[in-house]
Amino acid sequence: MAKERVTVCVPPCDPGDVVEAIGAAMAPYDYNRDAGVGDPDVETWWDYWQIDGRGCEFLVVPGHEDDPRLIRGAKALSGAPRNVPPSLCDGGPRALLDLETPRAQAAAQARRAFEAWQDFSAAYPPALPSSHFWARHFADPEGYPRAQLLEDYRTQPVIVALGNNPDLEELIGGNPVARLTGDVEAYVRSAADKALPSNALLTLDGHWLDVANAERRRHFNDYLDALPADTLVVRVLYHG
């Protein structure tokens with residue numbers, strides 16, 4: 001049992017009817033539903049939900065912060081009031097959601113990290129990723145213990161130098177030898193694809209899609225981009 005978020009897509013409706021529309025879309029996945037004869041089993045289910053995008057709210061397109069069609073959940077799951085800044089919302093018409101800025105920011109950050117690592121590491125002998133040392137350990141746990149693998153990885157010259165450069169280390173993150181190699185454009189696109197997806201997507205035609213890998217993240221972004229401008233896209237917190 002866990003609390004996760006699904007991004008629910010529903011047709012345009014009056015603001016007062018949004019909760020009802022989301023409820024109708026979520027209904028087939030209700031753990032307590034009365035399944036009819038011949039209804040397909042579903043792997044995903046919930047026992048309660050509410051509109052709440054806390055931590056993954058959408059940015060509002062600048063200039064539309066006061067649009068009455070924007071959706072902002074009034075309370076947290078605890079019952080405490082939420083104070084959602086005008087620049088953010090839990091959902092609204094797709095055209096009022098700034099989907100591009102988070103992706104652009106994530107892409108720029110990824111490019112900076114990739115290029116910074118490439119420039120920095122070029123001054124040192126090539127390093128091996130941590131997976132190389134872990135593979136040796138798993139092949140011979142007694143002959144090549146965990147303490148030795150960690151020592152061998154951490155004492156590579158570029159890793160030592162990185163540890164002495166905390167600003168760079170903060171920028172590029174962990175395990176750069178494995179992550180920050182190969183095709184920079186593919187790496188940047190992957191980072192952009194991660195900026196928007198929630199745990200799941202509930203499409204206009206009622207399909208619940210767990211967003212659990214790169215292909216699903218790409219689909220999530222492409223799907224939202226292709227929706228009609230007035231489609232309501234809402235972050236929903238559910239317990240399931």
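I began with helix α8 (residues 184-193) and helix α9 (residues 214-226), whose axes cross at roughly 65 degrees and come within 9 Å. I note here that the model is a predicted one.

I next looked up the hand of this crossing and found that α8 passes α9 in a left-handed manner. I then listed the residues that make the contact: α8 supplies R189, A192 and D193, while α9 supplies R217, R218, N221 and D222. Sorted by class, the contact of α8 with α9 holds 5 charged residues, 1 polar and 1 nonpolar.

I turned to a second pair, helix α3 (residues 130-139) and helix α4 (residues 146-154), which pack with their axes 9 Å apart and at an angle of about 155 degrees. Because angles over 145 degrees count as roughly antiparallel, α3 is roughly antiparallel to α4. I recorded the crossing of α3 and α4 as right-handed. On the α3 side I found S130, F133, W134, R136 and H137 in the contact, and on the α4 side R146, L149, L150, D152 and Y153. By class, the contact of α3 with α4 comprises 5 nonpolar, 3 charged and 2 polar residues.

Last, I examined the largest pocket. Its space comes to about 150 Å³. Which residues line the largest pocket? I found G55, C56, E57, F58, L59, L88, P102, A195, L196, P197 and R235 in the lining.

Methods. Residues numbered from 1 in each chain as written. Predicted model: local features only at pLDDT ≥ 70, side-chain atom pairs only at ≥ 80, totals over all residues. Heavy atoms only, no water. 1 Å grid on protein atoms, 1.4 Å probe; cavity = no way out; pocket = protein on both sides within 12 Å on 5 of 7 lines; lining within 4 Å. Points joined across faces, edges and corners; volume = space filled by probe spheres on them. Axes fitted to C-alpha atoms, helices over the stretch in contact; angles between N-to-C directions. Helix = DSSP H or I, 4+ residues; strand = E, 2+ residues; numbered from the N terminus. Parallel < 35°, antiparallel > 145°, perpendicular 65-115°, else oblique. Left-handed = near helix turned anticlockwise from the far one by under 90°. Contact = heavy atoms within 4.5 Å. Nonpolar A, V, L, I, M, F, W, Y, C, P; charged D, E, K, R; others polar.
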